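Please read them alongside the sequence and the coordinates.

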Protein chains: 2
Amino acid sequence: MPVNLSAPVAGQLLPVAGVSLGIAQAGIKYSNRKDLLVIQLDAGSNVAGVFTTNRFCAAPVVVAREHLAAGQDIRALVVNTGNANAGTGEAGIQAARTTCAELAKLLGCEPEQVLPYSTGVIMEPLPVEKIIAGMPQAIANLKADNWFDAAQAIMTTDIVAKAVSRQVQINGKTVTVTGMSKGSGMIHPNMATMLGYIATDGAISQPLLQLLVKDAANASFNCITVDGDTSTNDALMLIATGKSGVVIDDTNRWQMLEVVTEVATLLAQAIVRDGEGATKFITIKIEGGKDEAECKKIGYAIAHSPLVKTAFFASDPNLGRILAAIGYAGVTDLNVETLKLYLDDVLVAEHGGRAASYQEADGQRVMQQSDITIRVVLNRGAVNATLWTCDFSYDYVKINASYRS
Amino acid sequence: MPVNLSAPVAGQLLPVAGVSLGIAQAGIKYSNRKDLLVIQLDAGSNVAGVFTTNRFCAAPVVVAREHLAAGQDIRALVVNTGNANAGTGEAGIQAARTTCAELAKLLGCEPEQVLPYSTGVIMEPLPVEKIIAGMPQAIANLKADNWFDAAQAIMTTDIVAKAVSRQVQINGKTVTVTGMSKGSGMIHPNMATMLGYIATDGAISQPLLQLLVKDAANASFNCITVDGDTSTNDALMLIATGKSGVVIDDTNRWQMLEVVTEVATLLAQAIVRDGEGATKFITIKIEGGKDEAECKKIGYAIAHSPLVKTAFFASDPNLGRILAAIGYAGVTDLNVETLKLYLDDVLVAEHGGRAASYQEADGQRVMQQSDITIRVVLNRGAVNATLWTCDFSYDYVKINASYRS
């Protein structure tokens, strides 16, 4: 079950002027399931994104990058679940192009003005005819106040839909930011996430939008991991419709970055809280490092260790496993004598071993919680990094051994 | 249960002249369990080893390195299970020194002539008084034909003891090599292994012995992984007593390397076959790479992927997960159009996607086997690498969530 994560409430998700969303049941893998989403954008919107670095990146990622690079106004995004259209070779590229061309025909725009996304099983042909057949239903369903259903339509092994809204006052006017994400397994984003869509009615130029999405991704989706597997289909898109009339420029971009990062962080953390089989949400803070790279190396060594993750599942303060992970993280000049390890407020280790003040009962108390912070103070520099992950349970194995996701 | 791995047969393990082994039940963590091993060497033996690169390396690793560097004849090795004496700070170092000093007193040698090893739980104080109390029992038990019991004495979560003997004719005389290893979880050796001890009666100089152990480790223990966790206590030791009278030099060292590597490979593979919760033994061959580093990057990305490992546990040919792992391995200029993926003899993927000839039934047939080979042909160079790993099962989670190892 998701860890301290509630589903969004339909009425609390704010529409973003210039964005409408339509859902269909296209029967791509299962019948009677929302599996097709069309996001239509008003003319004059800007769109920027970051994508997976996986060399086996999916066909829709290739085509979405091409269409973004073509520089035309983007008028629609189309997302299917049930099939990732990844590891599908040239036929997969053609299927993604056909999807864009057919939707463009129905919406009266060019194929290059449509961006495609897919998520689901890898290395199976995309049933493009089902997607095309579902498009009229999705278009008939298009409306601005549809983020709740849209967040449900992009779920795969997700248990809870993930969406959030925020508003911020800039230049005396209200700017709205609403976003949604999906993802539960194969989560170790690298310059991107599983699927995330954030829209704002701020007026943001294309180059600035690209900067914003990159910075926000680095502080949110690029700081989470469930199982260390980087997906073939990761994409985080940021849409700016400009309908609020608030122009974002160098004087106020930091306000925009702050609110977009907040939304992105909540969406990214929601993916971890709903991680496959998760029973614990674990925040890993690495402090006092020489640079961000070494902080993240140590943080991800802890976050990816099956031994650490199973100990958290068991609520067993077998914390020597964290020391082992710190030790093999690849920071070759790390001095283990000077670092400190904390579990929440409890000092666990210092001077290369267990702290004299440490009591097993204190570790046990923290391990029982569902939200836990591991803090490693390196005492070798001024850089900090924070990551989020979850534990490793029977259910992770069950989900991935019994369901072809 | 171990995958196609039989326990060694007592009578088939050959003594190595100059080496005697004695076992005791010292009650270090459990009572009525062999948990202390003393290996005594005749004067004139040489010993070389490779150790973990974990920065939190255990106290016995620190002391064993020091004593080897001191350059005196090594006369004994002492191994305890039940406690790793790792993450124990200065008190741990003192405990390892005391262990060596006490054994030296009983055997009539210097503390620097004794090498200590520990394996078990991390970050708990070593009960050195129990080890000392068990020493007389181990010494009384010393005999040459004791490798079978010794292999049992060093087990922790291992189900099956691991030991093997080989003989080779060099310069017309017989040289014997016998080795043993232990390890089941926290297995991703880096320049070493969990614990491995190989002895030969060949006469090998110290510098040559060091070369041999390094080369043999690189081709065996450094090619296995169970869970990607590099232990704090890894050590592989090679002992040469010289009792065969066969001098190993530059003219015949390749024969010696071959037989030592064969023994080391069998011992390393035995660790994977007995990997925690393992139900499948998986050989990963990466062929046609530009260099060894990129072959190992791709091989370990596959070997460490929880999604790949759970698919093998389920015997589910969800082989797109292997493509995803290849894609995120970090080989940034990898061309996915030109590589081929095979499962045993079955061509699974080429031209960036599923092979036209691939049938799910063929994949399913191979996935049912207990020994499976994944072969990735990169077609970008002439270098090959082979790794060995196992699948990821409910029992891995069970073992590590319910037992404080």
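**Notes on the predicted model**

1. Asn32(A) counts as exposed because it has 7 C-beta neighbours inside 10 Å; a residue is exposed with 12 or fewer other C-beta atoms within 10 Å of its own, buried with 20 or more and partly exposed in between, the C-beta atoms being placed from the backbone. Its phi is near 60 degrees, a positive value in a residue other than glycine. Asn32(A) sits in the loop between β1 (19-24) and β2 (36-41) of chain A.

2. On conventions: this is a predicted model, in which local features need pLDDT of at least 70 and side-chain atom pairs count only at pLDDT 80 or more, while totals for chains, interfaces and linings use all residues. Residues are numbered from 1 along each chain as its sequence is written, and chains are lettered from A and ligands numbered from 1 in the order in which they are written.

3. Asn85(A) also is not a glycine and has a positive phi, of about 45 degrees. This residue lies in the loop between β4 (76-81) and α2 of chain A. Helices (H or I, at least four residues) and strands (E, at least two) are DSSP runs, numbered from the N terminus.

4. How do α1 (residues 59-70) and α2 (residues 89-107) of chain A cross? Their axes come within 8 Å and cross at roughly 55 degrees; axes are lines fitted to C-alpha atoms, for helices over the stretch in contact, and angles run from 0 to 180 degrees between N-to-C directions. That makes α1(A) oblique to α2(A), the class left after roughly parallel (under 35 degrees), roughly antiparallel (over 145) and roughly perpendicular (65 to 115).

5. In the contact of these helices, Ala59(A), Pro60(A), Val62(A) and Val63(A) of α1(A) meet residues of α2(A) including Gly92(A), Ile93(A) and Arg97(A). Contact requires C-beta atoms, placed from the backbone, within 7 Å. The contact residues divide into eight nonpolar, one polar and one charged (nonpolar: Ala, Val, Leu, Ile, Met, Phe, Trp, Tyr, Cys and Pro; charged: Asp, Glu, Lys and Arg; polar: the others, Gly among them).

6. The contact between chains takes 56 residues from chain A and 55 residues from chain B. On the chain A side, α9(A) supplies the largest share, seven residues. That side divides into 27 nonpolar, 22 polar and seven charged residues.

Terms used. Contact = placed C-beta atoms within 7 Å.
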